[in-house]
Amino acid sequence: MNISDVFKNNEKWIQKKLDVDPDFFNKISQGQNPDLLYIGCSDSRVTAEDMMGVGPGEAFVHRNVANMVISTDLNVMTVLNYAVNQLEVDHVVVCGHYGCGGIQAALQSEDLGILNPWLRNIRDVYRLHRSTLDKISDKEEKYKKLVELNVQEQCINVIKTAAVQKASKSRDIKVHGWVFDIHTGKLIDLKIDFEKILKDIMEIYQLD
Ligand code: CO
């Protein structure tokens, strides 16, 4: 990649936006009011806004390796709290993707240095769902199932936060688990039944 191309592309992008709406930058500079928080993977092929067809101002975005929502990660917790409390988003999306390098790395037993404590959280998801995953003999299918189960667990982590618990008492805030199929470009709604899952875990996490 030629870095100077980036600046040329930027000039073209500005012009394209102004051609459609001469007031575009004036409008976005007034403030943001996105309806959706998107938590996805840092993978360069899974472009948040592009694949959802949304423009500037429409999605608040957080990306990290394997779209994790970890309660001790100040970064994701800051994004989530800001989106829920200040921006008052109505939708929180956790989007994983097939072919996720983070998920694959977590399934290897080799020492990956600084990545270990991060991947540990994915290994915990594997342990939680071991009986389901160990029944799947096809390696590719097992990866895919872990991608989906990881999305499910990260959605539960979103729901467990005080910010979402508090917000859900005063407004209709929805959590969604999605997977981006890198082979087809398709965005898949996992249609996770959170009501049922939460019923099982409410007591443990003292949610009400
Ligand atoms: Co990934």
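Predicted model: local features only at pLDDT ≥ 70, side-chain atom pairs only at ≥ 80, totals over all residues.
Trainee: Which element does V6 lie in?

Mentor: V6 belongs to helix α1, which covers residues 3-20.

Trainee: And is V6 exposed, partly exposed or buried?

Mentor: V6 counts as partly exposed, because its relative accessibility is 38% and that class lies between 20% and 50%.

Trainee: Changing topic: at what angle do α6 and α8 cross?

Mentor: The axes of α6 (residues 116-128) and α8 cross at roughly 105 degrees and come within 10 Å. Helix α6 is therefore roughly perpendicular to α8, since angles of 65 to 115 degrees fall in that class.

Trainee: Which residues make the contact?

Mentor: From α6, the contact involves I122, V125, Y126 and L128; from α8, K142, L146, L149, N150, E153 and Q154 take part.

Trainee: What does T161 contact beyond its neighbours within four places in sequence?

Mentor: T161 is in contact with M77 and L80, those neighbours left aside.

Trainee: Where is D90, then?

Mentor: D90 sits in the loop between α4 (74-86) and β3 (91-97), and D90 is partly exposed at 28% relative accessible area.

Trainee: Which residues does D90 touch?

Mentor: Residues up to four places away in sequence not counted, D90 touches D35, R171, D172, I173 and K174. D90 and L37, 53 residues apart in sequence, have a C-alpha to C-alpha separation of 8.3 Å.

Key: Residues numbered from 1 in each chain as written. Heavy atoms only, no water. Contact = heavy atoms within 4.5 Å. Helix = DSSP H or I, 4+ residues; strand = E, 2+ residues; numbered from the N terminus. Buried < 20%, exposed > 50% of the residue type's maximum accessible area, 1.4 Å probe, protein only. Axes fitted to C-alpha atoms, helices over the stretch in contact; angles between N-to-C directions. Parallel < 35°, antiparallel > 145°, perpendicular 65-115°, else oblique.
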